[in-house]
Amino acid sequence: MNEHLDAQEGLDHVADIFGHEDMRRGWGRGFLAGRLSHAHLIGGPEGIGKGTLARNWARLLLCAQPETGTDPDPRACGECPSCSKVASGNHPGYLEISSEGGGTIEIARMREILSFLALRSDGRRVVLIDSADQLREESANALLKILEEPPGETHFLLVSHRPASLLGTIISRCQRWLLGPLSRDSFHEVLGRHGISEERASFLYRGTGGRPGAALALEEALTRCGGEESFSRLLREIPADPRDLVALTLREGESFDRDSVHRTLQLLGNGIWAFRGNTVESRQVAATRALMLTHLAGHLGRYGSPDLVVEAAAMVLRSENPENIRELIPRVLGSQWV
Ligand SMILES: [Zn+2]
């Protein structure tokens, strides 16, 4: 369910999607009428379920016998030869481009799209980019050229956490779908499926503003570091080497890189936000701290150095009042900090 996990596991299952009913109906109607645009931009905050939704749509577009009687949206059957090929990762009509370790998407990956499109194909093709925020400038320009002359029967699904930051010329060529926070009921339903209690789900709703992927990631991190008490202690006793903070979120086989640093900052920000009011510091200070960490994660996005950003995050965590060190951060990052 977590977007990151989903990306690694591939398209092995049709995921249940909760909430966003109006948007899904809109897509479903377009699909059934054969009137979908060739390019789609799926935007919304991190951990809201964009990647899961985009991959469901990719499966549906390629499925040979979609189930169309399902409300609110049609879905892939999961059983036809096409669905089996998508599940095993060797469907000749499906290409997924994602950033390695959370880094930028280089121009070489755009050439990969061109090679994919140049191959003879008898059916529909789908190119999914997760996330389009990671495109380097020249990659974005190359993608724009591809979108300007769309090959027949090909659909592009672009996932973006910050759609407003994409090239306006790319945005204007896409049908846009914006995912907002889930309703409380839908959120509880998703978390219930993961065995999380009602009470716990309420706490996580507060911390993540109704983003189920972010909530599951936060829950996983809290469990990993031994529960809420240990998490609170970690926030009070920042390790001497700030890189050790990242160890909190590392999964088997992962290392300190842009992706893990980004995730750590999001988790710390969400955690502090969730615990605001439960700690000794004022809600105001906790909120500022959480926002600054989330902001740092955003700064890391394309060009920031993971080492320097972690250094700045440790400063935010250590200071009595992070407002007071706002001006020091650009000196650490060596760049503009707005
Ligand atoms: Zn199928």
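The legends below describe close-up views of a predicted model. Local features need pLDDT of at least 70 and side-chain atom pairs count only at pLDDT 80 or more, whereas totals for chains, interfaces and linings use all residues. Residues are numbered from 1 along each chain as its sequence is written.

**View 1. Strand β4 (residues 154-160) and its burial.** Seven of the seven residues of β4 are buried, so the strand is largely enclosed by the rest of the structure; buried denotes 20 or more other C-beta atoms within 10 Å of a residue's own, with C-beta atoms placed from the backbone, and strands are DSSP runs (E, at least two residues), as helices are (H or I, at least four), numbered from the N terminus. T154, F156, L158 and S160 cover one side, and H155, L157 and V159 the other.

**View 2. The strands that pair with β4.**

**View 3. The largest nonpolar core.** This core has 39 residues, of which L204, L218, L265, L293, L296, V309 and A313 touch the most other members; a nonpolar core is a set of buried Ala, Val, Leu, Ile, Met, Phe, Trp, Tyr and Cys residues joined through C-beta atoms within 7 Å. Elements giving two or more residues to the core include α12 (258-275), α13 (283-300) and α14 (306-318). Apart from this core lies another, of 35 residues, among them L53, C63, I97 and L128.

How values were computed:
A residue is buried if 20 or more other C-beta atoms lie within 10 Å of its own, exposed if 12 or fewer, and partly exposed in between; C-beta atoms are placed from the backbone. Two strands pair if DSSP finds at least two bridges between them.
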